[in-house]
Amino acid sequence: MNRVLVTLLLATALAGADTVVLRDRTILEGAVTKGEKALAVAGRTVPLDEVLLWENDAGLAQFSPSFEAQMDACRALAIRDRLAECRKRFPEAVAAGAVDAARAMLELAAISGLPAKEGADWDAQLLKAERKEGASGAADPARIFADIVYRRAKAELGAGEERQYRGWQLLRATLQLDGTHKDALGTLAEIAPERPLIGQSKEGKPDPARARRLWLDWQVDVLRGEVRPLGRRAPDMERARNVWRRDLNGVETREEGAEIVFVTPIEDRTEILGKCVRYAKITCRALAKVFATDQPKRDDNEPLVIYFFESRDEYMKELGGSPMAQMSLGLYARSDNISRFFWPSTPDATREVRRVFVHELTHHWIERRNPRWHASDFSATETRHEVPGYWVVEGFATFIEEGRYDIDTYKWSLFSPHAGSLGAVAALSREKERAMIDWDKLFVLSQAEAQGEWIKKPGVFATAKKTWGITPQPFSEGRLYYEQAAAACHYLYWADDGKYRAQLLDYMTAHYTAKREGTSVEKAFGITPRELGTRIEEFARKVVDGWRPPKE
Ligand SMILES: [Zn+2]
């Protein structure tokens, strides 16, 4: 006897008629017996991986199917229920002479699997029916679907705390299908706090119904069971309300190593807000791994404070229209340890925001959270912009920015074969003119010098005509400085099985703590700046030609 059959026989049979929805949208009904790898539904054996949903008598979904699987199953059930409702109401409509309603039901039934023969019969009945006024309207497919999704929401919400998030997702889906769904609104009123933190104070008048909808949107998109709302009296919130504006919303995460406070006046664009919080988290997680050390010198857990503005105008106003603000989508300010961002109105916004979030929060995290130096090491901070080797600051932030990040699974990879910096250096080093910043000079200059020399210079300095991206690619000196510095970090992080990785992190400590002797490239890596530059160019060309690191 095979194993599946044995477990089937040993398993307890459940009484009553259960509903099982399969991946191919087949709906089975009858007594279900659960085995280890299969269900027996009314005598038929179905492997578990073909089951989309098993709804038992208690209305509880089995196997914790995903939100998407549940919505798929609801869709299949809605089609079945639609057909059943049409079958019941079509004769009523015909009898009442409600020809339009009956025709609408026929059309709906036809796309819900009404057999052709039955359809022809309905057609004939329709032709005979007389038109009368006042009979009931057609079945409403959106309402039927919403009812079924709502039923799933109730089941999940009743299934204990760990199923709560799925329940919120389904309840929100119900209200997206039918914003006036009475039962769903009733359930929402039961589960939402009496005075939700969000959506209370806009435009003066409290609107409890709107506040509850916003509460649900925040739960599903932003809080996701991983993040907490920030109370009005939290110190970071009070500070923001004093220096910025009063009508702010906030969340915080206390995940160790990724403590974040996120404050925004935005209430309703919750999908965007959720993305930003998750990019912030994944950046912190990646950096915590890169800089992990057995002997941390710092164990304070100051959160990264992030202000997310309503618009570019508000952001510009806040930053006083400085030139850095003019050309940026976000900025970390050392003066008050706050990172500020906004969501641009460009079609490519998600990608741009991801890059600027990861870049600026890398600056922020390294400055305030890096365990490799102590807060008191900052006594020399005032002169840091005079310390040589600023390339490591912008190069490293750009290197981290060029990694690949998946905020749904929280997986990332710091190696990206399509890193723009490597593409740029590879392409430019293949040009006959080889117009690049002199590596000798790049590795030495301080922040103040680099800004004067390159970063703030506009205009095209070099053009890459071949091998990479949309050609020709123009580069200003400022952009070249970032690309070359980032390519240097890629090389020092990955080359020769990560041989220089530890030195790269030590070099960064030396720069950030203003230990000048540690910022000599020759002393730090045992390679002359010129030789290092040559190797970086070779490495960039190798990556563009398909080289991959053996392991992360
Ligand atoms: Zn930067």
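Let's start with the open sheet: 6 strands, in the order E7-E8-E9-E10-E12-E11, with mixed pairing. A word on terms. Strands (E, at least two residues) and helices (H or I, at least four) are DSSP runs, numbered from the N terminus. Two strands pair if DSSP finds at least two bridges between them.

The edges are strand E7 (228-229) and strand E11 (330-333), each pairing on one side only.

This is a predicted model: local features need pLDDT of at least 70, side-chain atom pairs count only at pLDDT 80 or more, and totals for chains, interfaces and linings use all residues. Residues are numbered from 1 along each chain as its sequence is written.

Now strand E12, residues 338-342. E12 runs antiparallel to E11, with 4 bridges joining them. Tyr332 stands opposite Ser339, and Leu331 has Arg340 as its bridge partner. The E11-E12 hairpin has 4 residues between the strands, and Asn337 there takes a positive phi near 55°. With E10, E12 runs parallel, through 5 bridges. Phe308 is the bridge partner of Phe341 on that side.

Is E12 enclosed or open? It is largely enclosed by the rest of the structure, because 5 of its 5 residues are buried. Buried means 20 or more other C-beta atoms within 10 Å of the residue's own; exposed means 12 or fewer; partly exposed is in between; C-beta atoms are placed from the backbone. Ile338, Arg340 and Phe342 point one way, Ser339 and Phe341 the other.

On to helix H15, residues 420-430. Here 9 of 11 residues are buried, among them Gly420, Leu422 and Val425. The cover includes H14, strand E15 (462-464), strand E16 (473-475), helix H18 (477-498) and helix H21 (529-544).

For contrast, take Thr33, in strand E3 (residues 32-34). Thr33 counts as partly exposed because it has 19 C-beta neighbours inside 10 Å. Its C-alpha lies 57 Å from that of Arg501, 468 residues apart along the chain.

Last, confidence. pLDDT is the predictor's confidence in each residue, from 0 to 100. The chain averages 86, and 90% of the residues score at least 70. Where is the confidence lowest, and where highest? Lowest is helix H1 (residues 3-10), at a mean of 40; highest is helix H14 (residues 391-401), at 97. Over residues 1-15 the pLDDT is below 50, and this stretch has 19 contacts in the model beyond near neighbours in sequence. A contact means C-beta atoms, placed from the backbone, within 7 Å. Where pLDDT is low, the predicted coordinates should not be read in detail.

Technical notes. Contact = placed C-beta atoms within 7 Å.
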